[in-house]
Amino acid sequence: LHIVAHVGTFAVPLALFAGPDGRVVAFEASPDNFALLRTNVGLNALADRIECHLGVVTDRGGSFDRRRDDEANSGMWYFVPSPGGEAMHAAIRLDEWLAGRPDLDRIDVVKVDVEGAELDVLRACAHTLATHRPMVYLEVNTAALARFGATPRDVGAFLADHGYRFFRNAGDRNSAHDRFRLVPWPLLGPTMLFVVIITTIRSIRTFDTVATLTQGGPNKASEL
């Protein structure tokens, strides 16, 4: 599952990698991007491997305001729920949508890059994550998540509750090769707090040990 697919920059090579027996189900919410996505799929003769669906993948309903912070970048559209927003297309709740697709009986990878609405997408496919246990590859952008009232810790907590571990691609970005270098990525907030607490406790214990062994030392230097 590819959410969102933009114009096919990743969908096309993913489909080529998956081979004739694989399938990429690509979602895109921007009509302009969607038109280019379908064009690129056709130009690469991959209509039998890539499904294209137009809509906003979310766990929320209603209408949306379409916004972007960089007018020159068509890949930065995001969709904010708004009662007075554009009717757009019906919101796609993935678990419900997949329930009507028994042919998609195996989900291996879920790629998510939705400019801050990642937690909404994950909530929309919670059952799919629990049932299929796919690899999840997603963007974590603190500023973008804040648009939707979420934090990286919220995303991490949701995935941890579903039994996921975390890795970061430390390889070269936008390089000429496809080599990934994955490194473990713990939830940094809790880890840092744990390290600070343990370090403090150990420093106190060390001081207590020195004071006991030296009975205060010369001129009671090790006494509090």
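## Overview

Helices (H or I, at least four residues) and strands (E, at least two) are DSSP runs, numbered from the N terminus. By this definition the chain has eight helices and nine strands. This is a predicted model, in which local features need pLDDT of at least 70 and side-chain atom pairs count only at pLDDT 80 or more, while totals for chains, interfaces and linings use all residues. Residues are numbered from 1 along each chain as its sequence is written, and side-chain values use heavy atoms, with hydrogens and water left out.

A residue is called buried under 20% relative accessible area, exposed over 50%, and partly exposed in between (1.4 Å probe, protein chains only). Of the 224 residues of the chain, 35% are buried. The chain exposes about 13600 Å², and carbon and sulfur atoms supply 56% of that area. Accessible areas come from the Shrake-Rupley method with a 1.4 Å probe; for residues, only the protein chains shown count as cover. A contact means heavy atoms within 4.5 Å. Among contacts with a separation of 6 or more, 63% join residues 24 or more positions apart.

## The parallel sheet

Strands of a sheet pair through backbone hydrogen bonds, either parallel or antiparallel. Here, two strands are said to pair if DSSP finds at least two bridges between them. Five strands form an open sheet with parallel pairing, in the order β3-β2-β1-β6-β7. Its edge strands are β3 and β7 (135–138), each of which pairs on one side only.

Strand β2 (residues 24–28) pairs with strand β3 (residues 50–54) in the parallel sense, over five bridges. Within this pair, A26 stands opposite C52 of β3. Together with helix α2 (residues 31–43), β2 and β3 make a right-handed β-α-β unit. A crossover is right-handed if, with the strands pointing away from the viewer, the path from the first strand over the helix to the second runs clockwise. Elsewhere in the sheet, β6 and β7 pair in the parallel sense over four bridges. The bridge partner of V112 in β7 is L138.

## Nonpolar cores

A nonpolar core is a set of buried Ala, Val, Leu, Ile, Met, Phe, Trp, Tyr and Cys residues joined through side-chain atoms within 4.5 Å. Which members of the largest core touch the most other members? Of its 30 residues, these are L1, I3, F27, L94, L129 and L159. At least two residues of this core come from each of β2, β5 (78–81), α3 (94–99), β6 (109–112), α4 (118–124) and α7 (152–161). A second, separate core has 11 residues, including A5, V24, V41 and I50.

Leaving out residues up to four places away in sequence, L129 touches L122, P134, V136, F158, L159, H162 and Y164.

## Buried positions

G156 lies in helix α7 and is buried, at 4% relative accessibility. Its C-alpha atom is separated by 9.4 Å from that of L119, 37 residues apart along the chain.

T58 is in the loop between β3 and β4 (64–67). Is T58 buried or exposed? At 3% relative accessibility, T58 counts as buried. Beyond its neighbours within four places in sequence, T58 is in contact with F64, A91, I92, R93, D120 and A124.

A117 is in the loop between β6 and α4, and at 11% relative accessibility it is also buried. The C-alpha atoms of A117 and A150 are 33 residues apart along the chain and separated by 8.3 Å.

## Backbone details

The peptide bond from I3 to V4 is cis, with omega near -10 degrees. V4 belongs to the loop between β1 (2–3) and α1 (11–18). H6 is in the loop between β1 and α1. Phi of H6 is near 55 degrees, a positive value in a residue other than glycine, and H6 is partly exposed at 22% relative accessibility.

A45, in the loop between α2 and β3, has phi near 55 degrees, a positive value in a residue other than glycine. A45 is exposed, with a relative accessible area of 64%.

## Cysteines

A disulfide is a covalent bond between the sulfur atoms of two cysteines. In this report, a disulfide is a pair of cysteine sulfur atoms within 2.5 Å. How many disulfides does a search of the whole structure find? It finds zero. C52 is partly exposed, with a relative accessible area of 22%, whereas C125 is buried, with a relative accessible area of 1%.
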